[in-house]
Amino acid sequence: DNPGIGSYTSRGLGILELAALALPPSIAPLPLSAAQLANPISMVSNISHPAPYNNLGIPGALAAEIPTATSSAVSLSGSDFFDLVLRNPNLGNTNTTVIQQALLLNPTFATVWLGNNDVLGYAAAGGVSPGLPIPVANVQAAIGAVLQSLTAGGADVAIANIPSILSAPYFTTIKPFLTFPGTSIPLLDGNNAKQYFIGPTGAKLTDDDLITLAAQDTLGKGAGTYFPLPDKYVLSATEQWLVDKSIGDYNTAISSLATQYGAVLVDVNALFLDIDAHGIEYGGVTFTSQLVLGGIFSLDGIHPSDFGQSIVANHFIKAINAKYEADIPLVDVGTSIVR
């Protein structure tokens, strides 16, 4: 997923690039051309593939829309990726859902990872996102529909739970106080106190508040110092509690569904909690959740990097091997390290 998805920075679409290595790093998307914006499907290299894609994951999609949405026009999230992923002129009927296209492949095994976006959209927007997080009952029903369809068709399934997203660098890179340029060291006032940014209410932020990576440009224009930061860039302690509660409720539901349908439960939440606490060592180097230098996450601060994705893939493989006494070889994570 290197270098990440540009739209998550709220500064346009396109490939992300590291403009300057500082704290926080200067990251900006390379804009798409007018032709690409007018016809995004032209960017899909295998558009004429004569079958549904094996990977039917749709960026930005909510679990609750997977059983029914056929395009961005009818999806709750409006993700343009519905149109890109669910294209299939060779099906005879282009109005097919993710589940319908998956079943057309006659799968014997499938991996499912849903529910992230149902809470991530709320968190990434600083809690300013009507209708989100999606209630756990809706998420459970949607994921249950996916598992029921796949297992009824004879497929075995591995399903992952939801990681604690607030430890991703999108939420931890920018501190709620002024820092010395290029560092995370607090800039102190005459009383040796941290100089906290002005929050949405006009009051000073505290160490309990999180500022999203999307606030970078706004902070550079004086927000938080000369006038309040917009609410969409700040997660209060109460909003963080709702994010964590939603993830906990989702994971309880996912665990229950895995048991109900005999699916392999892949505990991605435990994986990232361990990464947050200890990092991952490879080749004598410890990789962490820090943006850019940590190596686990891509430049958007949300999606794992290629290296991070390989770690996740191996976590899936280990869980599948343990369940079925299989011997699927692990991914060589060394080949995915960006140097």
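Student: Which residues of helix α10 are buried in this model?

Tutor: The model is a predicted one. Within α10, the buried residues are F307, G308, S310, I311, V312, N314, F316, I317, A319, I320 and N321.

Student: What covers the buried residues of α10?

Tutor: The covering elements include strands β3, β4, β7 (264–266), β8 (280–282) and β9 (285–287), together with helix α9 (268–278).

Student: How far apart are the end C-alpha atoms of α10, and what span should its 19 residues give?

Tutor: At 1.5 Å a residue, the 19 residues of α10 (residues 306–324) should span 27 Å; the end C-alpha atoms are 27 Å apart, so the two values agree. After α10 comes E325, with a positive phi near 50°.

Student: In which sense do β3 and β4 pair, parallel or antiparallel?

Tutor: Strand β3 pairs with β4 (residues 156–160) in the parallel sense, over four bridges. A110 has V157 of β4 as its bridge partner.

Student: Where does S129 lie, and is S129 buried or exposed?

Tutor: S129 belongs to the loop between α4 (116–124) and α5 (136–152). The cut-off for a buried residue is under 20% relative accessible area. The relative accessible area of S129 is 17%, so S129 is buried. Apart from neighbours within four places in sequence, S129 is in contact with G121 and Y122.

Note on methods. Residues are numbered from 1 along each chain as its sequence is written. This is a predicted model: local features need pLDDT of at least 70, side-chain atom pairs count only at pLDDT 80 or more; totals for chains, interfaces and linings use all residues. Side-chain values use heavy atoms; hydrogens and water are left out. Two strands pair if DSSP finds at least two bridges between them. Helices (H or I, at least four residues) and strands (E, at least two) are DSSP runs, numbered from the N terminus. The expected span of a helix is 1.5 Å times one less than its number of residues. Buried means under 20% relative accessible area, exposed over 50%, partly exposed in between (1.4 Å probe, protein chains only). Contact means heavy atoms within 4.5 Å.
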